[in-house]
Amino acid sequence: MNFLRGVMGGPSAGPQPSGADTIQKLCDRVASSTLLDDRRDAVRALKALSKKYRLEVGIQAMEHLVHVLQTDRSDSEIIGYALDTLYNVISNDLEEEEQEENSPKQGDDLGSQFTEIFIKQPENVTLLLTLVEEFDFHVRWPGVKLLTSLLKQQGPQVQQIILVSPMGVSRLMDLLADSREVIRNDGVLLLQQLTKSNAAIQKIVAFENAFERLLDIVTEEGNSDGGIVVEDCLLLLQNLLKNNNSNQNFFKEGSYIQRMKPWFEVGDDNCGWSAQKVTNLHLMLQLVRVLVSPTNPPGATTSCQKAMFHCGLLQQLCTILMATGVPADILTETINTVSEVIRGCQMNQDYFASVNAPSNPPRPAIVVLLMSMVNERQPFVLRCAVLYCFQCFLYKNHKGQGEIVSTLLPSTIDGSSVSAGQLLCGGLFSTDSLSNWCAAVALAHALQENAALKEQLLRVQLATSIGNPPVSLLQQCTNILSQGDKIDRRGSKVQTRVGLLMLLCTWLSNCSIAVTHFLHNPANVPFLTGQIAENLGEEEQLVQGLCALLLGISIYYNDNSLENYRKEKLKQLIEKRIGRENFVEKLGFISKHELYSRAAQKPQPGFSSPEHMMFDHEFTKLVKELEGVISKAIYKSSEEDKKEEEVKKTLEQHDNIVTHYKKVIREQDQELEELKQQVSTLKSQNEQLQVTVTQQVSQIQQHKDQYNLLKVQLGKDTQHHNSHGDTLQMNGIQLEEVSKLREELEDWRNRHEQLQGQLKEKDAVIENLKSLQVEMGTEQSSQLSSSGGMEHSAELQKELELLRTQIQLQAAEISKLQTENQKLQAMNTAIDPALGASSAVASRSSEKEGRLLQELGELQSEVKALSEEKASLQQQLDSSSSTVAILQDEKSKLQQEVAEAKKEQDDLLVLLADQDQKLSALRSKLKDLGMPVEDEDDIESGDQADEDEDGDEEEQD
């Protein structure tokens with residue numbers, strides 16, 4: 001145990017063994033010991049030695065430690081020691097007191113080499129993923145740290161192994177849901193390394209609900225006020241979203257942009273920002289910029305910009321922009337973020353134009369920002385950010401460009417307040433070269449791809465000094481350009497000249513009128529040719545190239561309106577003074593410059609120092625477009641120019657035709673819009689009418705309900721209603737309604753007469769039934785044959801059925817008569833609502849009211865008579881119904897008596913048959929005895945003779 005005492009610090013009797021020997025003995029013990037406790041102690045000792053003897057432990061013990069991970073998984077303690085030992089060997093995060101002068105470089109090499117040895121067997125990484133799934137803290141946490149270290153050393157190789165491992169990424173996503181914060185936080189660091197520069201893993205992590213979990217963690221930790229955990233989550237979100245269009249779309253569609261708004265809710269008291277809060281907010285702003293970066297697909301960027309406006313995120317950023325006490329670096333990054341949120345989005349640009357700074361009086365935010373841009377005391381990065389914001393505000397924003405240029409025109413200048421145009425002119429002609437350059441580039445963006453504003457800007461007049469006449473803005477720019485060396489400026493003189501030349505090139509391109517104004521000054525062309533022809537230093541070569549570009553634009557867009565400066569004469573001037581080859585060579589200085597290549601990479605001005613601020617991104621596009629065509633135009637002959645002019649004229653004619661048709665189409669569009677508006681108004685009127693119809697239908701329904709209520713009330717107190725309501729109702733009755741009532745009354749009279757006739761017929765039928773009943777009573781005693789009784793009963797049944805159907809029809813007609821009679825009575829009362837509406841007519845026709853009242857009285861008396869007749873008919877119907885019921889009972893009794901009589905008759909026939917048999921038997925016996933017996937036929941003939949005699953006697957009597 002001497003080597004253990006040496007390791008643990010105990011006293012040793014013999015000579016101390018070296019570290020390599022001790023490690024070798026520990027490795028042998030790990031490999032050969034059968035007791036788990038011995039192996040555990042040996043691994044613990046290796047862990048203690050792994051930091052000091054990193055190389056020896058890595059070389060000798062790595063294989064044994066991996067074997068322990070494979071075989072001793074049941075013991076979490078030894079697994080934890082093994083993982084910690086491997087982490088110490090592979091990781092380069094050495095403690096400062098243990099680092100030597102050259103150890104960082106050696107440590108990096110050792111970590112990378114040991115990682116390569118470990119991942120040479122992909123099963124080791126898969127085993128590590130399995131161990132990370134264990135819930136035991138002593139296993140899971142070292143496993144997470146070891147896997148993170150592997151990813152730091154050999155990221156792409158480990159990423160590929162995890163990617164092909166079944167559910168490899170999904171297992172690691174469970175770390176974000178761990179309730180132990182240390183594991184969750186290290187899990188975030190692990191996912192940071194895992195998602196670096198691997199789009200496939202980024203997509204898997206995003207679709208494993210990573211956005212939801214990470215945003216929850218940021219919210220739980222306090223958003224921007226949180227600690228370093230928030231920073232780690234934001235870095236992971238950047239990894240998932242940067243240059244990954246699929247994840248960006250998923251982030252937007254999942255409504256996660258809305259959850260970013262609370263991040264930027266800063267209070268009024270912005271003093272004392274902690275360093276961590278500044279870092280967190282800086283990363284949050286960068287995350288917003290990732291979603292709206294100009295390098296993203298235009299459609300995705302636009303959709304994110306609109307989402308940020310609708311959820312209030314842009315408004316919140318503008319609040320920070322105008323707040324006080326915000327740190328300078330946060331303010332700069334906020335300006336850059338707002339710039340990209342509004343870039344190319346008309347809705348956001350319009351909102352930004354409406355934002356005012358909280359000053360007295362309120363000023364537009366654009367004006368406040370331009371003040372910072374032309375103020376040489378402001379930090380350089382802040383001025384660059386303001387310039388980028390102004391460029392993004394004007395990008396594809398013709399409305400904004402017009403508003404900026406309009407502040408320079410004489411008719412719109414307001415002397416009481418500072419405008420954007422005044423600030424730009426002040427910066428353009430100040431003694432600070434950086435202000436000159438920024439103002440020139442900003443003004444060039446106000447003219448970008450807008451020929452109408454280029455012509456408008458020619459109207460701008462400047463007062464140079466007292467007593468001198470005003471000069472145009474174009475003339476003043478060329479004057480400053482030609483006198484650049486004579487003016488004492490702070491900063492680079494070349495920078496001022498480059499800015500002015502970029503402004504002039506943008507202004508004159510694609511605008512023949514501006515070219516004519518430029519050439520009208522006789523000093524401009526000699527100055528340009530003199531600058532190009534000179535052999536200047538390296539810094540001046542850039543100015544020479546821009547002068548060549550400006551002169552080439554003056555040739556290419558020349559409409560030959562000035563005789564002395566026609567295209568051909570300018571080409572001859574170049575040939576004599578400069579030489580065509582020399583001119584093209586000087587023109588190529590621009591695109592070959594290093595600063596040109598930097599500016600062409602991205603829209604945001606990214607300059608390390610003011611001296612490097614030479615080119616603008618949009619200007620590089622213009623150079624790329626014009627360099628080739630100007631080179632060709634220089635070598636063209638006069639004949640080719642004529643042909644080109646003819647082609648241009650033809651194209652102009654076609655353009656005029658197209659313009660005419662565009663005008664016609666525009667007029668038709670206006671007419672179509674007017675028709676659409678008319679259709680929309682008609683639709684609205686139709687909807688209003690529909691609403692009116694609906695209201696009227698509801699009113700009709702209400703009137704129907706009132707009508708039903710009045711019917712019920714009429715049945716209850718008719719007399720009271722007739723005595724008090726007749727006069728009021730007649731005030732609203734018109735003559736036509738009275739005539740209708742008369743016609744309906746005549747119909748009711750006819751129907752009543754028909755019903756009375758039918759009732760008389762029914763009474764006659766009832767009388768016949770009564771007489772039949774009497775006859776049935778007299779004939780009942782003399783009914784001897786069964787067949788005659790049955791026929792009579794059947795006839796009686798038929799007559800009763802016929803009577804029942806007739807009575808039912810009569811009852812239905814009488815009920816119908818009742819309902820219609822009630823309607824007739826209620827029509828008098830239903831005219832009450834018309835009392836107010838017809839008051840004027842009643843007042844004008846007082847003479848007719850008396851007659852109408854009299855006629856109404858007659859109608860009501862007739863209705864009353866009809867009601868009485870209806871009551872009598874109802875009574876008769878009730879009596880008929882009772883008579884029918886009595887007859888039905890009597891009929892059933894008669895049917896029962898007939899059945900009994902038939903039964904008795906059958907019994908008598910049976911008795912008679914028995915008697916006949918007995919008599920015939922007795923006769924036969926008497927005959928056998930020799931007694932005289934009369935035959936049956938003789939007896940019957942004798943009976944018949946007796947009957948005849950009796951009949952004769954009765955006749956004699």
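User: At what angle do helix H21 (residues 365-373) and helix H24 (residues 420-428) pack?

Analyst: This is a predicted model, with pLDDT of at least 70 needed for local features and 80 or more for side-chain atom pairs, while totals for chains, interfaces and linings use all residues. Residues are numbered from 1 along each chain, and side-chain values use heavy atoms, without hydrogens and water. Helices here are DSSP runs (H or I, at least four residues), numbered from the N terminus. The axes of H21 and H24 lie 9 Å apart, and the angle is about 10°.

User: Are H21 and H24 roughly parallel or roughly antiparallel?

Analyst: Angles under 35 degrees count as roughly parallel, over 145 as roughly antiparallel, 65 to 115 as roughly perpendicular and the rest as oblique. H21 and H24 pack at about 10°. The pair is therefore roughly parallel.

User: Which residues of H24 make the contact with H21?

Analyst: Contact means heavy atoms within 4.5 Å. H21 brings Val-367, Leu-370, Met-371 and Met-373. H24 answers with Ala-420, Leu-423 and Leu-424.

User: How far apart are the axes of helix H8 (residues 137-153) and helix H11 (residues 181-194)?

Analyst: H8 and H11 pack at an angle of about 20°, so they are roughly parallel. The distance between their axes is 9 Å.

User: Which residues of H11 are in the contact with H8?

Analyst: On the H8 side, the residues include Phe-137, Trp-141 and Leu-151. On the H11 side they are Val-182, Ile-183, Asp-186, Gly-187, Leu-189, Leu-190, Gln-193 and Leu-194.

User: Which exposed residues does helix H32 (residues 567-577) carry on the face turned away from its buried side?

Analyst: Lys-567, Leu-570, Lys-571 and Ile-574 are buried in H32. Their arc is only 100°, which puts them on the same side of H32. The face turned away carries Lys-576 and Arg-577.

User: Is Pro-262 buried or partly exposed?

Analyst: Pro-262 belongs to the loop between helix H15 (245-253) and helix H16 (275-291). Its C-alpha atom is 10.0 Å from that of Gly-312, 50 residues apart along the chain. With 35% relative accessibility, Pro-262 counts as partly exposed.

Note on methods. Axes fitted to C-alpha atoms, helices over the stretch in contact; angles between N-to-C directions. Helix = DSSP H or I, 4+ residues; strand = E, 2+ residues; numbered from the N terminus. Buried < 20%, exposed > 50% of the residue type's maximum accessible area, 1.4 Å probe, protein only. Arc of directions from axis to C-beta.
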